[in-house]
Each structure stands twice: as C-alpha cells, then as structure tokens.
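The stops below go one selection at a time.

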Amino acid sequence: MAKKRPQTKAKRPQLTDGARAAGADGNFPVVGAREPCPCGSGRRYKACHGRAAAHAVTELVHRPFEGLPGECDWVALRELVPAATVELPLKDGLPDGVPSVTLATVLPMAWPALRRDDGSVLLGLQNDTSSGDISRDLADTLQRALIADPGTPVQARRAPADGPRLQDLLDPEGAFDPVVHSGFEFWVPDPENATPDVTASLERANSAAIPTVKLSGVDSAYWCETPEKNHLRWVMPHPEEQLLDALARLHAAGHSSLGEGTRLVGSFRAHGLIVPVWDLPSGVGAEDVEKPAAEFAERLATALATDTPLTADERRARGGLTNRQVTLS
C-alpha cells in the first residue's frame with residue numbers, strides 16, 4: 001500500500017572506533033570510543049558513559065514531526081509522495097545570502113541538502129537518517145546547508161545528540177503548503193537548457209515516480225495511480241485507538257467507502273500516525289474522490305465523537321482493519 005521511494009538511498013554513515021563522541025550529559029570532554037572514560041572509572045568510553053550517549057542518538061522518536069505545522073503532510077511527503085516541495089519559514093528569519101529554504105521530497109544523488117548557486121537551500125526529506133530522530137537529523141543538515149558554499153551539496157553525517165530539532169528552527173506559526181509535482185524538474189532552475197547528463201537523470205527519476213495528487217477539499221489526503229488500480233492514502237492526526245474505533249463503526253455500517261467500486265482496505269502506521277488506504281478503480285481520478293472524501297470526513301467526525309462500546313460487528317470490523325496494518329518507521 002505504501003510506495004517504494006524513487007531515489008537511491010545514500011549509504012548510512014557509521015561511526016568507527018576512532019570516531020569522536022561527546023558525553024551523554026554534554027559535560028565530558030570529547031573522547032574516542034576506545035579511550036578511557038573521562039568519569040575515571042577506568043573503563044573504555046564506549047563501555048561506560050558512551051552507552052548512554054549512543055542510546056541518546058539511536059533512540060527512536062515515534063512522532064518526529066509532532067508540533068510542526070502540517071505534521072500529517074510531513075509524514076505524507078516523507079513516505080507517500082514522490083515529488084513535492086514546500087517553502088520553509090525559519091523562526092529567526094532567513095540569513096543573509098539565503099533567499100529561500102525549500103523542503104523537497106528527493107534531491108539528486110540522494111543528497112541530504114543542496115545550497116544552490118544563488119544561495120537558496122533545498123533540504124531533502126526522504127533520505128536515510130543516522131539516528132532515531134528524523135527531526136534532529138534534518139535540523140543538523142539544514143543548519144549546515146545554510147552556511148555551505150553556494151553551489152555545493154551537503155553530505156550526510158550523524159547529528160549531535162544535543163543538537164536542535166526542526167521544531168527549534170522552523171517558524172511554529174508558518175504555513176506548510178506542499179506543492180506536488182509531476183516530475184523532478186524542480187531540481188534544476190532551467191530544465192529545458194539542462195545538460196544531457198542532467199536530462200537523462202531527470203528522465204530516470206520521472207519514470208520511477210508514481211503519479212500523485214493532493215486532494216484540495218480535505219487535509220493530507222493523496223490520490224495515486226498505479227498500473228493495477230488507484231489508491232487514496234490519507235494521513236490522519238487522530239489518536240490511533242479512537243481512529244480505529246471510528247473506522248470500524250463506519251466499516252461495519254457500510255459507510256467506509258468513497259463511492260461505487262471503492263473500498264477501505266486497511267491502514268498503516270507512519271511516524272506515529274495512522275494512514276487509512278482505499279482501493280479505487282483505475283478510472284477514478286483525484287477529482288472524482290474530492291466530494292466523496294469530504295463526505296467521508298463528515299461521517300468520520302461523527303464516528304470519532306461516539307464513545308459507546310463497539311458492537312460485535314464493529315469489533316469484527318476493527319479486527320479486520322487492524323490485521324491489515326503495517327508500520328513504517
């Protein structure tokens with residue numbers, strides 16, 4: 001139900017035994033993993049306080065985009081959408097020489113970020129990250145991109161465990177309005193006059209992208225076209241148990257579809273949120289599900305407000321939906 005990302009994933013960076021790491025509490029001097037721990041225990045750092053530092057870096061943050069404007073769309077762009085961009089407003093404003101900061105689903109060569117010749121910054125979202133906190137990794141990449149030389153990409157690295165997160169850098173009141181593209185021409189300022197190598201790269205990326213459209217009438221719902229059938233994948237912000245109960249109520253009552261020939265087939269978890277998925281006939285386009293999706297949103301709101309115990313039929317429906325869940329982390 002969830003697409004494979006169209007880019008080649010960059011190799012995840014690894015820390016060698018000689019890599020430098022700060023203490024978990026940030027007060028120890030920087031030491032190597034095999035050097036004596038500064039606490040005086042006589043043990044190697046990696047076997048002493050380095051354990052806590054490593055855990056702090058690798059502990060999984062289940063909702064890395066929580067608290068950001070447009071959390072559901074952050075999840076969608078990370079997991080569902082091949083080609084999209086969003087202008088990112090910074091909390092402290094743009095630095096001198098940086099005319100704009102743009103989030104992009106994928107960048108050429110799976111670069112984590114790119115500082116363009118004009119000083120603008122592109123930040124890639126669908127890259128592998130080296131810690132369990134995508135938000136911290138992206139914030140580290142963004143900070144380095146803001147001071148990179150124009151015309152250069154930013155390489156991957158492990159973010160400091162005590163570094164800022166996106167929630168610390170982005171304007172909490174700023175809008176998050178994704179623009180979904182049919183291809184990756186946004187990679188280059190003038191694709192019509194691109195070199196043959198760049199043109200070939202764009203053609204390869206475009207051929208792997210699943211056609212995707214963001215619905216305009218409801219939040220964070222994305223239609224996509226596949227060879228066998230079409231789908232609607234809708235990232236929802238509601239608490240998981242409450243949402244599954246509501247979906248079960250609608251499913252048991254025969255009110256979970258989006259029209260004739262459509263079917264709610266299950267859901268998956270992505271970064272702490274639930275994403276229901278509908279199968280659609282091949283002839284059903286994004287514009288055809290705008291009205292049914294808006295009507296479903298109204299039915300869902302009513303079901304979410306219901307707190308009576310589930311009936312036997314609703315419990316069976318919930319079990320079926322739960323059994324068809326997968327998790328993306």
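What follows is a tour of helices, strands, cores and salt bridges.

**Ground rules**

This is a predicted model: local features need pLDDT of at least 70, side-chain atom pairs count only at pLDDT 80 or more, and totals for chains, interfaces and linings use all residues. Residues are numbered from 1 along each chain as its sequence is written, and side-chain values use heavy atoms, with hydrogens and water left out.

**Stop 1: helix 2**

Select residues 71-79, which form helix 2. Helices here are DSSP runs of H or I with at least four residues, strands are runs of E with at least two, and both are numbered from the N terminus. How many residues of helix 2 are buried? The count is 9 of its 9 residues. Buried means under 20% relative accessible area, exposed means over 50%, and partly exposed lies in between (1.4 Å probe, protein chains only). The buried set includes the charged residues E71, D73, R78 and E79. It also includes W74 and L77.

**Stop 2: E71 and its partner**

Stay in helix 2 and pick E71. Its relative accessible area is 11%, so E71 is buried. The side chains of E71 and R63 form a salt bridge, with N to O at 2.7 Å. A salt bridge here is a side-chain nitrogen of Lys or Arg within 4 Å of a carboxyl oxygen of Asp or Glu. R63 has 28% relative accessibility, so R63 counts as partly exposed. Show the contacts of E71 (heavy atoms within 4.5 Å). Leaving aside neighbours within four places in sequence, E71 touches R63, F65, E66 and L273.

**Stop 3: the largest nonpolar core**

Next, select W74, L77, L103 and L142. Which core do they belong to? They have the most contacts inside the largest nonpolar core, which has 40 residues. Such a core is a set of buried Ala, Val, Leu, Ile, Met, Phe, Trp, Tyr and Cys residues joined through side-chain atoms within 4.5 Å. Elements that give two or more residues to this core include helix 2, strand 3 (84-87), strand 4 (101-104) and helix 3 (134-146). Strand 12 and strand 13 are also among them. Helix 3 provides the largest share, 6 residues.

Zoom in on L77. Beyond four places in sequence, its contacts are A84, V86, L103, T105, L125, Q126, F176, P178 and Y222. Then look for a second, separate core of 25 residues, which includes L280, V284, F296 and L304.

**Stop 4: D137 in helix 3**

Select D137, found in helix 3. Is D137 buried or exposed? At 6% relative accessibility, D137 counts as buried. Not counting residues up to four places away in sequence, D137 touches T129, S130, S131 and A159.

**Stop 5: strand 12 and strand 13**

Select residues 263-270 for strand 12 and residues 273-280 for strand 13. The two strands run antiparallel, joined by 7 bridges. Strands pair here if DSSP finds at least two bridges between them. R263 stands opposite D279 in strand 13. The hairpin has 2 residues between the strands, and H271 takes a positive phi near 55 degrees. Strand 12 has 6 of its 8 residues buried, so strand 12 is largely enclosed by the rest of the structure. Check the side-chain directions as you go: in a regular strand they alternate between the two faces of the sheet.

**Stop 6**

Pick D279 and K229. Their side chains meet in a salt bridge, N to O at 3.3 Å. The pair links distant parts of the chain, 50 residues apart: D279 is in strand 13, while K229 is in the loop between strand 10 (221-225) and strand 11 (230-234). D279 is buried at 12% relative accessible area, whereas K229 is partly exposed at 33%.

Now pick E240 and R269. Their salt bridge spans 2.8 Å, N to O. E240 lies in helix 6 (240-252) and R269 in strand 12, so the pair ties together parts that are 29 residues apart in sequence. E240 is partly exposed at 24% relative accessibility, and R269 is partly exposed at 29%.

To finish, display every salt bridge: the count comes to 13.
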